[in-house]
Amino acid sequence: MDLTFVGIDPETTGGGSATVWVEEETADLVLQGKEASALLKEMIGEAEWVPGHDRGIPDHETVIRIPARMVPILREACDVAERRSGLR
């Protein structure tokens, strides 16, 4: 699997940092971020966000936080993914 690095939290000081890549073959966004708190996961898991859709967070999924200051990096990642997937 080849990844295109798009950006890292501009306020990172080392260690683990929110990071964004685009997987080259699928054009999927790949995100690294701080795992959401138990309270946030509970709030997300209990709500019916889409009528008829299962509630809860499946065992094979998780919820992460990406800092708002990374919105420009996420926009860039979306542009990279869109170009790579041929959707433009």
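1. Helix H2 covers residues 71-85, and its 15 residues reach 21 Å from the first C-alpha to the last, close to the 21 Å expected at 1.5 Å a residue (the expected span being 1.5 Å times one less than the number of residues). Helices here are DSSP runs of H or I with at least four residues and strands are runs of E with at least two, numbered from the N terminus.

2. This is a predicted model, in which local features need pLDDT of at least 70 and side-chain atom pairs count only at pLDDT 80 or more, while totals for chains, interfaces and linings use all residues. Residues are numbered from 1 along each chain as its sequence is written, and side-chain values use heavy atoms, with hydrogens and water left out.

3. Within H2, the residues Ile73, Ala77, Val80 and Ala81 are buried (under 20% relative accessible area, with exposed meaning over 50%, for a 1.4 Å probe and protein chains only). Seen down the axis of H2, the buried residues fall within an arc of 95°, so they line one face of the helix (the arc is that of the directions from the helix axis to the C-beta atoms). On the other side of H2, Pro72, Arg75 and Arg83 are exposed.

4. The buried residues of H2 pack against strands E1 (3-8), E2 (19-23) and E3 (29-32), a contact being heavy atoms within 4.5 Å. After H2 comes glycine 86, which has a positive phi, near 80°.

5. As a whole, the protein chain has two helices and five strands, which run β-β-β-β-α-β-α from the N terminus on. Of its 88 residues, 23% are buried.
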